[in-house]
Amino acid sequence: MKTESKNTEAARKRYNRIAPFYDFMEGLVERSRYSGWRELLWSKVEGNKILEVGVGTGKNFLYYPAHTKITAIDFSEKMLSRATERARKLGMEIALQQMDVQNLGFEDGIFDTVVATFVFCSVPDPIKGLKEIKRVCKPGGKVLLLEHVLSANPVLSFLMNLVNPLVVRTMGPNINRKTVENVANSGLKVEKVTDLAVGIFKLMEARA
Ligand SMILES: C[S@@+](CC[C@H](N)C(=O)[O-])C[C@H]1O[C@@H](n2cnc3c(N)ncnc32)[C@H](O)[C@@H]1O
C-alpha cells in the first residue's frame, strides 16, 4: 500500500510475519473464551450491510448472521490470503479487500453495522481509524468492538505498560490501549461497555 506511514507499514509487515502462526497462537484462548464473545457480538448486529474491519484470518466467519451482505477488510495481505482460504473452505462468499481502516475506500454512510474484533490494539492511529468507521457507517448505525484494553488496576497497568514494547514486537498488538476512551474521542456515541473478563476484555456498543 503506497501512501502508508512508516508506523502503518511496520504494523502491516508485523502481521504479514505473524499470519502463518496466528491461528495456532490464539488456539487455546479462542476455544475457551473468544468464541463465546464473538457469538455474543455477532448476535447484536443490525441491518444487512455489514463491514468487518481487520478481518485477520477470518475467525468471525462462523458467526456471520445468515442473509447479511458482508464486506471485510484488512491491511495485511498475508492475513487476507488466510481469510480467503477459510472462506473457500466454508463455501462462503465474502467481499474481502486489502484496505487500511485509517483510510477506508468507501463512500460515507453506507454500512448498517461496522464490526472489529481485537483490531484497535494494533491500528497505529486508532482515533483516525475510528473516525473512518464513523464516516462509513450510516448516521445512527451500529458499531461493535471486541477489544482488550489497559487495566484500571494501577499495578496491572504499570506491568502492561512495561511489557507492551516486547508484546508489540513479538505478537503485534499493544496491550495498553485506552480503546473505550478512544471510541468516545472519535465522535462515536458509546451506548454500552460490557466487561467480559478481568477488567481488560470489553465489548463496546456505539452509534455513528
Ligand atoms: C489481532 S488480529 C485480529 C484478527 C481478527 N479480527 C480476529 O478477531 O481474529 C488484528 C488484525 O487487524 C489488522 N489490522 C491492524 N491494523 C489495521 C489497519 N490499520 N487496517 C486494517 N487492518 C488492520 C491486522 O492485520 C490483523 O489481521
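User: Is Phe118 buried or exposed in this predicted model?
Analyst: Local features in this predicted model require pLDDT of at least 70 and side-chain atom pairs count only at pLDDT 80 or more, while totals for chains, interfaces and linings use all residues. Residues are numbered from 1 along each chain as its sequence is written. A residue is buried if 20 or more other C-beta atoms, placed from the backbone, lie within 10 Å of its own, exposed if 12 or fewer, and partly exposed in between. Because Phe118 has 20 C-beta neighbours inside 10 Å, Phe118 counts as buried.

User: Where is Phe118 found?
Analyst: Phe118 has a positive phi, near 55°, although the residue is not glycine. Helices (H or I, at least four residues) and strands (E, at least two) are DSSP runs, numbered from the N terminus. Phe118 is found in the loop between E4 and H4.

User: Is His67 buried or exposed?
Analyst: His67 is found in the loop between E1 and strand E2 (69-74). Phi of His67 is positive, near 60°, in a residue other than glycine. With 6 C-beta neighbours inside 10 Å, His67 therefore counts as exposed.

User: Which residues of helix H4 are buried?
Analyst: Helix H4 covers residues 126-136. Its buried residues are Pro126, Gly129, Leu130, Glu132, Ile133, Lys134 and Val136.
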